[in-house]
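Please look over the sequence and the model before reading on.

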Protein chains: 4
Amino acid sequence: MEIRTDLAIEAGEIFGKDNLPDGVKVQSQEGNNITITRIDVINEEGEKALNKKQGAYITIELKDVELNTLEIHNEVAEAIDKELEPFIAKTGGRPSVMVVGLGNRYITPDALGPKVVEKIVVTRHVQKLSGGSNDIDSRLGNLCAIAPGVMGVTGIETGEIILGLVEKVHPDIIIAVDALAARKTSRINRTVQISDTGIVPGSGIGNRRMELSEETLNIPVIAIGVPTVVDTLTLARDLIENATGDSLRENIEKDMLNSCGADNIVTPKNIDMAVARMANAISNGLNMAVHKGFDFNDISDYLL
Amino acid sequence: MEIRTDLAIEAGEIFGKDNLPDGVKVQSQEGNNITITRIDVINEEGEKALNKKQGAYITIELKDVELNTLEIHNEVAEAIDKELEPFIAKTGGRPSVMVVGLGNRYITPDALGPKVVEKIVVTRHVQKLSGGSNDIDSRLGNLCAIAPGVMGVTGIETGEIILGLVEKVHPDIIIAVDALAARKTSRINRTVQISDTGIVPGSGIGNRRMELSEETLNIPVIAIGVPTVVDTLTLARDLIENATGDSLRENIEKDMLNSCGADNIVTPKNIDMAVARMANAISNGLNMAVHKGFDFNDISDYLL
Amino acid sequence: MEIRTDLAIEAGEIFGKDNLPDGVKVQSQEGNNITITRIDVINEEGEKALNKKQGAYITIELKDVELNTLEIHNEVAEAIDKELEPFIAKTGGRPSVMVVGLGNRYITPDALGPKVVEKIVVTRHVQKLSGGSNDIDSRLGNLCAIAPGVMGVTGIETGEIILGLVEKVHPDIIIAVDALAARKTSRINRTVQISDTGIVPGSGIGNRRMELSEETLNIPVIAIGVPTVVDTLTLARDLIENATGDSLRENIEKDMLNSCGADNIVTPKNIDMAVARMANAISNGLNMAVHKGFDFNDISDYLL
Amino acid sequence: MEIRTDLAIEAGEIFGKDNLPDGVKVQSQEGNNITITRIDVINEEGEKALNKKQGAYITIELKDVELNTLEIHNEVAEAIDKELEPFIAKTGGRPSVMVVGLGNRYITPDALGPKVVEKIVVTRHVQKLSGGSNDIDSRLGNLCAIAPGVMGVTGIETGEIILGLVEKVHPDIIIAVDALAARKTSRINRTVQISDTGIVPGSGIGNRRMELSEETLNIPVIAIGVPTVVDTLTLARDLIENATGDSLRENIEKDMLNSCGADNIVTPKNIDMAVARMANAISNGLNMAVHKGFDFNDISDYLL
């Protein structure tokens with residue numbers, strides 16, 4: 001059975017630690033409240049085994065139930081800051097960064113990207129107006145942000161919008177944030193995946209569209225995703241996976257498709273608050289990563 | 001296995017039309033876009049069979065996929081108006097009506113009740129201030145409305161709040177609106193249940209609390225509910241119901257409880273819009289029922 | 001004193017009907033609930049007199065206090081549809097139309113543009129995917145829509161974003177919607193101005209930026225604006241205009257600037273609802289104008 | 001001219017520090033970012049002079065432009081906590097506290113009270129369920145909270161709702177939070193007034209209604225208010241106060257009433273964010289005051 005999940009860590013875990021396929025490297029690190037797992041898919045064999053493009057997949061997982069204290073918030077934000085460092089370093093200095101918040105702001109579990117954009121401390125316009133004057137705090141990087149909306153609302157492929165924008169704004173790197181779909185409900189709102197392989201808008205709860213990646217946009221595209229839903233079909237499939245025979249599985253899947261359609265999702269009751277908090281942690285991490293050394297302490301709650 | 005659903009029609013349908021238990025009467029009526037089913041539970045036998053209190057359960061079901069045209073909207077609103085008529089007539093004339101919007105306005109699928117309250121055309125304060133003057137349109141009834149919030153947010157049992165209010169405001173009848181849980185995803189946002197047996201706040205996605213009913217409040221309590229979610233456990237149970245043996249079912253349920261907890265729900269992607277539309281139709285129906293004969297046509301979209 | 005208002009009709013009314021400056025033509029038409037005034041600025045003399053670029057300025061004014069019935073709503077939407085007709089006709093047939101919703105969705109009186117975009121029935125992506133097949137209702141035009149956000153939130157000049165988009169999407173015409181500032185509070189939320197002279201993002205309550213117009217984008221740009229605020233300085237100036245001497249005026253203005261800064265606005269209490277209703281009427285008018293002949297009757301309340 | 005302002009400090013400042021009327025005592029205290037002024041109106045003479053009921057009026061004023069850093073936030077929250085102490089002490093121990101959030105949640109500048117209620121850490125229901133068990137952190141007090149809505153939405157006088165609730169819930173003290181109207185725009189969102197004289201719902205931008213106070217509810221009522229608007233008439237009056245003669249003033253006022261009506265308000269552009277922040281600081285202060293000694297540090301951002 002094909003592995004269908006947006007998370008490399010879920011794709012990987014079916015193999016078990018001691019049984020990794022060729023072309024896949026895994027490394028883990030424990031924090032107080034989080035576990036960071038770095039999965040590198042380094043060749044085509046690994047690509048096939050995990051059904052994931054070659055590249056780096058970093059997963060920040062909450063050990064505790066929820067992102068509900070300032071301490072955990074800070075640990076997640078700092079981990080995002082730190083894990084973005086090598087990608088930003090590769091651009092050779094202090095890049096101009098464009099944050100793209102994917103997803104539909106009017107559908108709660110899909111609103112992660114737009115919510116992150118709300119909290120980004122944008123500076124590009126100030127830098128531009130100042131013409132390189134000394135008035136601007138040297139710790140502030142060059143950062144802009146956009147939440148273009150989804151194709152069903154705009155009538156325009158998100159990739160087209162971003163490509164048009166890249167050709168005008170000329171950022172050095174894109175960081176795209178989106179809601180994802182997980183296979184296990186236990187990962188919802190508890191996992192942040194950072195990857196340098198780009199992203200396809202609508203992975204979470206829309207239809208898959210044109211990829212945003214270095215191949216399509218000609219600049220590095222780092223993707224940050226958080227699973228906010230599990231689709232009902234995946235849930236059912238997982239539930240019956242080991243328990244039942246093949247023909248039975250098929251029947252149940254067919255039932256599911258008939259009764260649920262593809263339009264239902266599994267999501268936590270507290271999804272509104274959980275998405276808001278995760279968006280705060282990610283935007284905080286992004287602000288720290290780009291405005292390196294700037295002291296956000298005194299305004300941290302309002303960046304949250 | 002115990003039947004666990006807020007909908008009498010779901011509890012009833014396991015028997016089949018020709019095999020109704022004693023004490024249960026069912027009658028159906030077709031509209032253009034809706035089907036109305038009236039279930040009466042008339043004695044203890046029926047009560048046990050359906051696991052529902054004695055009383056009337058009227059179900060308005062959309063035939064079509066969604067409540068997405070003005071025509072369907074009007075048909076639903078008019079059906080609510082019409083089905084409320086006998087309950088209002090029983091109070092002997094033109095009662096003062098209190099609409100209670102149950103549920104948590106900050107959790108989308110639980111916000112139906114508060115959203116209905118937003119659209120209610122309240123008149124009680126005007127009637128009171130006018131002291132029975134002739135200035136007020138005689139078609140306008142006496143209507144007030146409150147969305148008291150849920151116990152987790154207020155720290156107060158909803159029943160206490162309403163009881164305190166009833167003792168001050170002295171309405172003749174309460175119409176309580178709440179989101180419910182269904183057993184089948186196909187019923188979500190497509191079914192309106194009207195019942196004279198009262199309601200327990202938190203049926204939808206909270207914990208069950210003190211009942212609002214004629215027994216506890218000493219005035220008639222009509223409940224209007226719309227299923228907006230299916231809980232994941234119920235979904236799993238239904239999926240495997242016919243397909244698997246008893247021991248297997250137990251295992252799968254245990255897995256579900258472990259992996260999902262009770263905190264996940266199944267809900268449609270478009271729940272934000274679906275709840276808003278259903279709230280519009282219900283509030284329109286309620287306004288028509290209480291302000292009998294008043295011409296809402298020219299302001300109907302703004303009451304929506 | 002320089003005339004500072006976004007509305008040509010306000011700029012014009014200081015002259016009086018019988019005393020129009022050269023280069024300015026005015027024509028009026030009465031509807032049931034609205035008055036339509038067409039002002040044409042036809043040469044440089046008119047341009048100077050009104051401090052408005054040469055072009056057509058159509059103003060739809062509500063006679064009644066508010067946009068609060070379905071009848072008035074329909075009259076406004078139909079007027080917008082009708083007044084857009086000649087501009088759309090000039091593109092020579094059925095153009096591909098891009099609606100641009102200017103303004104900040106998180107500031108209520110500035111959210112008109114984004115709210116209009118929410119309700120636009122976009123079809124461009126469907127047309128594109130179908131490759132000109134016959135499956136698509138021939139009455140549906142080619143329509144896309146975007147709410148790019150304001151420069152303070154994105155860090156990108158709105159003109160740059162739209163220019164990038166125009167070069168990718170190649171629309172035949174842009175219709176840009178924005179909140180404006182009026183000079184008189186009585187015009188707030190009661191006036192719709194349609195103009196073929198383009199628009200400067202941020203006219204309403206932001207800073208003035210790069211113009212969106214045929215000069216900058218190489219395609220016709222129709223602007224639709226509604227005044228949602230009056231700035232406090234203008235209000236004060238108007239109040240004292242005729243009543244006081246010059247030196248006094250200066251003192252009061254200085255006081256205003258000191259005590260209020262430029263950051264306060266005058267706006268109605270019910271601005272949230274008023275903007276929502278106006279957005280509904282405009283989006284409805286736009287949908288009718290582009291999807292010519294399509295019957296929105298049966299879904300009109302949901303487009304509202 | 002009658003002094004019309006909800007703020008005692010504004011009523012007082014017309015006298016000047018060295019010229020206080022009999023029956024009014026004023027004391028000031030400087031913090032890093034705030035100034036605290038305690039005004040006591042101690043007899044009828046003071047009452048008349050200030051047009052304020054006898055009692056204590058504590059004003060916390062931001063020195064800086066805005067409540068926009070964590071440091072200022074904490075200073076405001078701690079000041080609220082500290083200033084509430086004597087009022088809470090008077091109830092003789094650890095009272096059960098009911099927070100009442102007044103105002104209309106759907107009108108941004110009037111939504112302060114409902115927003116505070118959202119962030120209150122309610123515990124009454126837990127205390128009640130536990131029946132005095134040792135499981136509950138002894139630092140947690142007994143706190144409940146309600147946002148009853150405004151009369152225009154509920155059809156019920158807010159005083160009636162609260163009176164009904166008091167008779168069921170039997171709190172020892174009520175803390176009522178509401179948006180106020182100031183006379184000077186410079187005070188908007190920069191002033192918190194705490195008073196033991198109760199409050200009249202709708203002071204901010206509604207009509208004045210039945211008072212919530214010890215006289216009407218038989219328990220102490222502490223009011224916390226923040227001015228979020230200035231009404232346009234007051235603004236105009238202030239502008240022309242010193243500058244013009246009496247007959248001119250009357251004319252201008254008449255003009256204002258004619259052109260603006262009573263339905264326009266002056267409010268800052270960033271009112272949405274400003275109200276959210278002030279609500280955070282107040283709810284944080286309330287939580288600290290009631291749950292004395294409880295360590296909110298680790299969850300402070302989520303209480304914010």
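The following paragraphs describe a predicted model.

This is a predicted model, in which local features need pLDDT of at least 70 and side-chain atom pairs count only at pLDDT 80 or more, while totals for chains, interfaces and linings use all residues. Residues are numbered from 1 along each chain as its sequence is written, chains are lettered from A and ligands numbered from 1 in the order in which they are written, and side-chain values use heavy atoms, with hydrogens and water left out.

Chain A contains 12 helices and 9 strands, where helices (H or I, at least four residues) and strands (E, at least two) are DSSP runs numbered from the N terminus. Of its 304 residues, 60% are buried, meaning under 20% relative accessible area with a 1.4 Å probe, protein chains only, whereas over 50% is exposed and anything in between is partly exposed.

| Helix | Residues | Some contact residues |
|---|---|---|
| H4(A) | 112–119 | including A:Leu112 and A:Val116 |
| H11(A) | 271–290 | including A:Val275 and A:Leu286 |

Contact here means heavy atoms within 4.5 Å. By class, this contact of H4(A) with H11(A) has 8 nonpolar, 3 polar and 2 charged residues, with Ala, Val, Leu, Ile, Met, Phe, Trp, Tyr, Cys and Pro counted as nonpolar, Asp, Glu, Lys and Arg as charged, and the others, Gly among them, as polar.

In chain B, B:Lys48 is found in helix H2 (residues 44–50), and B:Lys48 counts as exposed because its relative accessibility is 70%.

Note on methods:
Axes are lines fitted to C-alpha atoms, for helices over the stretch in contact, and angles run from 0 to 180 degrees between N-to-C directions.
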